[in-house]
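Colleague: I have a model open on my screen and would like to learn how to read it. Could you walk me through it with me?

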Amino acid sequence: PRPPTAPTQGVAAVEAALSAGQVLSVGVVSGRNVWITDLSAALDWLEPLARRLPGRLWIAPSSSLLHVPVDLEGEAKLDAEVRSWLAFATQKLGELRVLAAALRGGRDAVR
């Protein structure tokens with residue numbers, strides 16, 4: 001696994017301060033840029049968190065998705081390679097669905 005970054009260190013501090021009935025919501029998909037999320041890297045730090053907080057972990061975009069275009073499907077003229085690097089709001093919601101499914105059913109559930 002990668003060494004903790006500043007955001008994961010911040011999450012650890014918040015997690016330590018949670019009371020038994022509190023839920024932790026983490027912004028794991030960037031709402032401010034158009035690049036795809038490294039889902040494997042996100043799961044590397046989400047999976048242990050989900051094990052420690054069963055039923056008390058919510059995943060979300062890091063901010064409102066109003067900062068990114070709506071849907072990549074409308075961008076037919078983009079080069080295929082460049083397109084493969086991008087995720088607009090619709091695709092970012094799809095990334096969250098994939099992460100949630102992997103946290104519920106394991107990585108093999110989303111391959």
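This is a predicted model: local features need pLDDT of at least 70, side-chain atom pairs count only at pLDDT 80 or more; totals for chains, interfaces and linings use all residues.

Colleague: Where is Leu18 placed, and what does Leu18 touch?

Modeller: Leu18 sits in the loop between helix H1 (6-17) and S1. Not counting residues up to four places away in sequence, Leu18 touches Val23, Leu24, Leu53 and Arg56. Ser62 is 44 residues from Leu18 in sequence, and their C-alpha atoms are 20 Å apart in space.

Colleague: Let me step back to the whole chain. How many helices and strands are there, and in which order do the elements run?

Modeller: The protein chain has four helices and two strands. Starting at the N terminus, the order is α-β-α-β-α-α. Along its principal axes, the C-alpha trace spans about 50 × 30 × 25 Å. Of the 111 residues, 32% are buried. Among contacts between residues at least 6 apart in sequence, 69% join residues at least 24 apart.

Colleague: Which residues of the largest nonpolar core touch the most other members?

Modeller: The general idea comes first: in soluble globular proteins, nonpolar side chains tend to be buried together. Here the largest nonpolar core has 15 residues, and those touching the most other members are Leu24, Val26, Val28, Leu46, Leu49, Leu57 and Leu99. Strand S1 (24-29), helix H2 (39-52) and helix H4 (89-105) are the elements that give two or more residues to this core.

Colleague: What does Leu46 touch?

Modeller: Leaving out residues up to four places away in sequence, Leu46 touches Val26, Val28, Leu57, Ile59, Leu99 and Leu103.

Colleague: Now the helices. How do H2 and H4 cross?

Modeller: For a helix pair, look at the approach of the axes, then the angle, then the hand. The axes of H2 and H4 come within 10 Å and cross at roughly 45 degrees. An angle from 35 to 65 degrees falls between roughly parallel and roughly perpendicular, so H2 and H4 are oblique to each other. Their crossing is right-handed.

Colleague: Which residues meet there?

Modeller: From H2, Leu39, Ala42, Leu43, Leu46, Glu47 and Ala50 meet Glu95, Val98, Leu99, Ala102 and Leu103 from H4. Sorted by class, this contact has nine nonpolar, no polar and two charged residues.

Colleague: Why does Trp58 count as exposed?

Modeller: The label follows relative accessible area alone, whatever the residue type. Trp58 has a relative accessible area of 53%, and the cut-off for exposed is over 50%, so Trp58 is exposed. Trp58 lies in strand S2. Leaving aside neighbours within four places in sequence, Trp58 is in contact with Val23, Leu24, Ser25 and Val26. From C-alpha to C-alpha, Trp58 and Gly27 are 8.7 Å apart in space, although 31 residues apart in sequence.

Colleague: And Ser63, is that residue buried or exposed?

Modeller: Ser63 counts as buried, at 18% relative accessibility. Ser63 is in the loop between strand S2 (57-61) and helix H3 (80-84). Apart from neighbours within four places in sequence, Ser63 is in contact with Gly31 and Arg32.

Technical notes
Residues are numbered from 1 along each chain as its sequence is written. Side-chain values use heavy atoms; hydrogens and water are left out. A nonpolar core is a set of buried Ala, Val, Leu, Ile, Met, Phe, Trp, Tyr and Cys residues joined through side-chain atoms within 4.5 Å. Buried means under 20% relative accessible area, exposed over 50%, partly exposed in between (1.4 Å probe, protein chains only). Contact means heavy atoms within 4.5 Å. Axes are lines fitted to C-alpha atoms, for helices over the stretch in contact, and angles run from 0 to 180 degrees between N-to-C directions. Angles under 35 degrees count as roughly parallel, over 145 as roughly antiparallel, 65 to 115 as roughly perpendicular and the rest as oblique. A crossing is left-handed if the near helix is turned anticlockwise from the far one by less than a right angle, and right-handed if clockwise. Ala, Val, Leu, Ile, Met, Phe, Trp, Tyr, Cys and Pro count as nonpolar, Asp, Glu, Lys and Arg as charged, and the others, Gly among them, as polar.
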